[in-house]
Each structure stands twice: as C-alpha cells, then as structure tokens.
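Please examine the sequence and the structure shown below.

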Amino acid sequence: PPEEMGVDMSLNLAMVPNGILIGTKTAVIKSIVTNMNAKTPVLAAAPGFVKANKRINANGAEVQFYIAPDQMVDFGMSTMRMMADQGMGMEMTDVDGLQRAMQAMGMGSLGTMAMASSYADGKSITKSFSTYAAASTGTSAAPATIDTSFLKWVPKDAVSFSASTMDIASIYDMLVKGMQAYQPQLAEQVLGQLAMMEEEIGFSLRNDLFGAMGDHFITWSMPVGTISAAPEVAVLVKVNSEEKIVTTMKSIAAMSNGAIDIEEGTRRGVKSYQINVNMDMSMDMGINIFEMVQPTFAFKNGYMVMGFSTGDVKRVFKRMDREDIPKGDIRGNKEFAAVADMIPAGVSSLSFTDWKANFESYYQLMTGVLAFVPMPEDVPIDMSLLPDSETLTNHLFGSVSYTKTDATGTETVAISPFGAETVMFALTLGAAGGVASIILSDE
C-alpha cells in the first residue's frame, strides 16, 4: 500500500457542480471542496496565477490550463530519492547531483505557465504565458528578436512560412554546465572522450558546427504541384562562418562510408553544394524519395540557403535581391494581410499558414490522381460529383502564431481556424487508433 511506502497518495473523486474533481490526495480534495462551497479563492489569489491570468485573458475561455512545475519537479526528486533509499533501481542516480545540474542550467526555478483558448469572430485564439526566475529578477539578457524585413523574400503565393531566433551553442554550453555540476569527474571523462573523437573526425561540435550557426532561421514552402516532385521549400539559416559549415558537412559525409557525398560546383559565379544520398530509401514502397529531390545548399548575404533542388536555391537568391515591394511578396497575400496587423513588434518567432491554399493544393492533387484510378462498379463514388475545393474551404483562413519575450516572461499567441476541440478530436482519434492496433496485433 502507498502509505506503507511513505507515499500519501490515492485516487480521489468528488462530484461538484457541473463537473468531477479528481485528485491524488484526500486532504487536498476535501480542502478544495470546502473552499468551493465557501466560495473562498485559493488559486485565484496565488500571485503566480494572478500574474499569468492577466496576460492570457481567460474570461470566457473554452479551455484553460495552469501549471507551477517546481512542485512537480520536487515531487519527482523526492520519489527518486525514496526509490534509491529502498533499492528500487535508482541507486546509481545522484539525486542531489540532478538538483545541482538543474540549478547550473538555470532551471532551479521554472516559474509558472498558463494557457487559455477561446473564440472571437469565428477565430480560435490561444494565448499562453510563462514566467521564469530570471525574468522575475530582471537578470536575463535582452531577448533576441526577429527582423521581419525578411518578409520581402517570401513569395506571395507561399502556403506557409516561419522564422525564429535560435542559439544552439548556448544549449550545448548549458548541457555541459549541467553535466559538470552533476558529477565533475564524469564530465571530465565524457568531454575528454569527445575531444578525442573530434580530433579524429576533424571538427569541433561546439566551435565548428554549433558555433558556426547564427542567431535565427527562416523557412517557407510553396503549394504542392505534382505527385512526382516535391514542393518548393526554402530554408535560410544565419551563419557565422561559411567555411566551418562546409568543412563540417564534408567531414560528416566522409564518415558515411559513401552513403552520402557532397558535390561542389560553380555556375554563373555562384558556388553551390549538392548532397547526394547513395542508398535506396524506398523502404519497399517502390519510390525512392531522393530520386525526386536533390538537396542543395549555397551561401548568400550571411545565410546558408537550402532547398530540394538547385532551382529552388536560385529562386531564393533572386528573391533576396529583389526590391522592397510589398505587393509582390507575402505581404500582398490577402490571407496574410488579414492577420498581419495582429503581429506586434519585437517577436522572437513568427509563423503563418494559408490553410485554404494548402488544402486546395492537396485536394486538387488527390482528385487528379484518383481520376486515373479505375473504380470498381461496386464502389459508389462518382469523381465528377466531388465538390470543388472552394466549397470545402469556406471556413478556412490563414493562421498566425508568434512568441514575444519581455522582462516579465514569454507570451505565445496562436490565431487559427482550429480550436482546442480539434486538438482533442485528433488526440482521441490517435488514442483510438493506438488501441485498435494493439487489439489487432494481439489477435
């Protein structure tokens, strides 16, 4: 029994007005019911909840979520410590070392997180806000932001784009600090072995790979055209050293024993690199995806530009040289224009999806393919009677999401045609599919 192990937990259910209250501690459940009956605010009076609730505008929300993870982490640590003391498989884990590691990585206090989802004018608006110790003390550095002038590079008919700040090297440094705080001797051994491996392969993970990456990336994709070719996709990564990136990529290819090679070429003064994958990736499907694409990258204006073909990269180069004429880029897209005013200045990430154009491209592709598929007489489907794509996309519109960080915390906002009920439906379908697969596999 849990009480014999020193764990005061059990499954408790209480019927309350308009719902069911579920908890793991009897005393807590009783306290909640008492406070509800007396209409005594508890969580609503907690400073962390009050602070977060002001930012998410939870009034009238269909779904609301709040978590203070520090207590969950403390519970997890206590559980591991108890398991180690009782010889339940955690003896090799240094729980105190884990706490030192979290402190060293800046995770000593995780703050709070709140989320609310509601509808306004037919749009699902989901807001979340998280606080953290560095923000509350004002000790964090000024947050990095995205320069939205990149929008002039995004094609007007793109079905999606995204951009975000990044700092891969700092994540590596954070993990090293955590490992050193957990167990200095182990960290010294691991870093020593890593240094030997780096000397053998010819590049440093920290300096030549992660350190060569810049502080942000940009991506966009075009509508699907045909089933025989991948859609045009562009990925632009800000880099600090083109030479280190190329050297590292070639070293990685050399370690593949011929499975991957990088072909360098110059045409019309532009040097580019094609990645050749020399192995069969069809996986019994009859289609090798690398016969449909030719991954290519090149460098321009401090960016590593990647695409599925040399043509894709060349088109990106041309767009990076174009003049700033909003009507000819994504800012002239009516779906994006409808949500552009909702984007504040100083965001650290930004993404947009034109769900209507996206669906239409896939729908037209699939109906075109099905038109050539012979239908048996006993299948009651008349392809000529299928509705056109516009009939099915009346309820769809462009979605936008962004993240903004200030001295108080990080706010994320998503405006979309799909609300929380869509996510719940998808999760339910996924769970049902998982259960069905388990049952069928048992049979």
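How many salt bridges does the count come to, if a salt bridge is a side-chain nitrogen of Lys or Arg within 4 Å of a carboxyl oxygen of Asp or Glu? The count comes to 14 salt bridges. The model is a predicted one, in which local features need pLDDT of at least 70 and side-chain atom pairs count only at pLDDT 80 or more, while totals for chains, interfaces and linings use all residues. Residues are numbered from 1 along each chain as its sequence is written, and side-chain values use heavy atoms, with hydrogens and water left out.

The chain as a whole may be described before the individual pairs. It has 14 helices and 15 strands; helices (H or I, at least four residues) and strands (E, at least two) are DSSP runs, numbered from the N terminus. Of its 443 residues, 32% count as buried, where buried means under 20% relative accessible area, exposed over 50%, and partly exposed in between (1.4 Å probe, protein chains only). The accessible surface of the chain is about 26600 Å², and carbon and sulfur atoms hold 59% of that surface; the areas come from the Shrake-Rupley method with a 1.4 Å probe, and for residues only the protein chains shown count as cover. Among contacts (heavy atoms within 4.5 Å) with a separation of 6 or more, 59% join residues 24 or more positions apart.

Several salt bridges can now be located. Arg-55 and Glu-411 meet through their side chains at 3.8 Å, N to O. Because Arg-55 lies in helix 2 (residues 47-56) and Glu-411 in strand 15 (residues 409-416), this pair ties together parts that are 356 residues apart in sequence. Arg-55 is partly exposed, with a relative accessible area of 25%, whereas Glu-411 counts as buried at 14% relative accessibility. A second salt bridge joins Asp-173 to Arg-206, with the closest N and O atoms 2.8 Å apart. This pair also links distant parts of the chain, with Asp-173 in helix 6 (residues 168-182) and Arg-206 in helix 8 (residues 205-210), 33 residues apart. Asp-173 is partly exposed at 27% relative accessibility, and Arg-206 is partly exposed with a relative accessible area of 25%.

In another salt bridge, the side chains of Asp-329 and Arg-322 meet at 3.1 Å, N to O. Asp-329 and Arg-322 are both buried. They belong to a network of salt bridges that links Arg-322, Asp-324, Asp-329 and Arg-331.

Which side chain of opposite charge is nearest to Asp-354, a buried residue that has no salt bridge? The nearest is Lys-356, 6.9 Å away; Lys and Arg count as positive and Asp and Glu as negative, while His and the chain ends are not counted. Asp-354 lies in strand 13 (residues 349-354). With neighbours within four places in sequence left aside, Asp-354 is in contact with Ala-158, Val-159, Asn-333, Glu-335 and Gly-398.

Two further residues show approaches across the sequence. Thr-219, in strand 7 (residues 213-221), has its C-alpha atom 5.5 Å from that of Phe-161, a residue 58 positions away along the chain. Neighbours within four places aside, the contacts of Thr-219 are with Phe-161, Ser-162, Ala-234 and Val-235. Lys-318 is in helix 10 (residues 310-320) and counts as exposed at 65% relative accessibility. The C-alpha atoms of Lys-318 and Trp-153 are separated by 8.8 Å, although these residues are 165 apart along the chain.

Strand pairing, for which DSSP must find at least two bridges between two strands, can be followed through strand 10. Strand 9 (residues 260-267) pairs with strand 10 (residues 270-277) in the antiparallel sense over eight bridges. These two strands form a hairpin with two residues between them, and Arg-268 in the turn has a positive phi of about 55°. Strand 10 also pairs with strand 11 (residues 296-300), again in the antiparallel sense, over three bridges. Gln-274 of strand 10 is the bridge partner of Glu-263, and Gln-274 has Thr-296 as its bridge partner in strand 11.

Strand 1 (12-16) and strand 2 (19-23) each supply at least two residues of the patch. Leu-13, found in strand 1, is exposed, with a relative accessible area of 58%.
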